[in-house]
Amino acid sequence: VGVIAYQSDGDQSEILPFTDLNIELIDANRQTVETKEIKTNEWGTADVEFVIPKDRLPGNFRIRAVIKASTILTDSWKNIRVEEYKRPTFEVSSKSTDKEREIAFGDSVHVTFNATSLTGVPVQGANVKYTLSSANTTSRSWYSPRWEEIETGELTTDDEGNAKVAFRIAENELFAELDRIVRYQLKAEITDIAGESHETAFYTAVSKRGFSVSYYGKSSHDT
């Protein structure tokens, strides 16, 4: 499990480096399976691993993260679906088919989803349900985007196992002038004729500036 610790104030967010957290795994019966103590690194992130016991019933499990030092209960939840393991028969991917370039406001983006069996054969005739969302962020609110759904649709994979989606980056002079970062998220769930499903996602972002650099750490100066 990957964790990012941050605090938000409106549309502003700030990461929390070197912060102690309790990470709890809760089963489908709302019983605690295990709790682990971790500390975020200088970037406010941390990783933790759980092993789900075989005697637990499958269903909706939860990962709960709690900041230990907070005087106010500060926690976050993430639901995960636990099912009996079934060996997958195909894998999915997503990629842009545009030539490598900087994306600007008003440009179109072309994305191809692909489904291929583990033996290398294209998965033809699979149903592809996709959702396009965007989030207006700043460098400080990057870790807490507020995604807004723009478009949904359904496609079918072709003879090569591909399904293609194109969308346009909205022209927004206000966002450009305000130095905003507009992020796009294109998610797809691909289901073959046997009912097996897998998910994939494509992400991109556009801004007036080409990149942003942030530093989090201790400051020092000579005296």
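Q: Leaving aside neighbours within four places in sequence, which residues is Thr 157 in contact with?
A: Thr 157 is in contact with Val 123, Gln 124, Gly 125, Ala 126, Val 128, Asn 162 and Ala 163, where contact means heavy atoms within 4.5 Å. This is a predicted model in which local features need pLDDT of at least 70 and side-chain atom pairs count only at pLDDT 80 or more, while totals for chains, interfaces and linings use all residues. Residues are numbered from 1 along each chain as its sequence is written, and side-chain values use heavy atoms, with hydrogens and water left out.

Q: Where is Thr 157 found?
A: Thr 157 is found in the loop that runs between strand S12 (148-156) and strand S13 (162-168); strands (E, at least two residues) and helices (H or I, at least four) are DSSP runs, numbered from the N terminus.

Q: And why does Thr 157 count as buried?
A: Because its relative accessibility is 6%, Thr 157 counts as buried, a class that means under 20% relative accessible area, with exposed over 50% and partly exposed in between (1.4 Å probe, protein chains only).

Q: Which backbone atoms does the side chain of Thr 157 reach?
A: The side chain of Thr 157 reaches the backbone oxygen of Val 123 at 2.8 Å, and a polar atom of that side chain also lies 2.8 Å from the backbone nitrogen of Ala 126.

Q: Back to S12, what is the strand order in the open sheet?
A: The open sheet of four strands has the order S12-S11-S14-S15, and the pairing is antiparallel, where two strands pair if DSSP finds at least two bridges between them. S12 and strand S15 (197-207) are the edge strands, each of them pairing on one side only.

Q: Over how many bridges do S11 and S12 pair?
A: Strand S11 (residues 127-137) pairs with S12 in the antiparallel sense over eight bridges, and Ser 134 stands opposite Glu 148 in S12.

Q: Changing topic, which charged residues sit over rings?
A: Lys 36 lies over the face of Phe 50, at 5.4 Å from the ring centre, and the charged end of Arg 62 sits over the ring of Trp 77, 4.6 Å from its centre. A charge sits over a ring if NZ of Lys or CZ of Arg is within 6 Å of the ring centre and within 35 degrees of the ring normal.

Q: How many helices and strands are there in the chain?
A: The chain has one helix and 15 strands, and 35% of its 223 residues count as buried.

Terms used
Polar contact = N/O pair within 3.5 Å; in protein donor to acceptor, adjacent residues only side chain to side chain.
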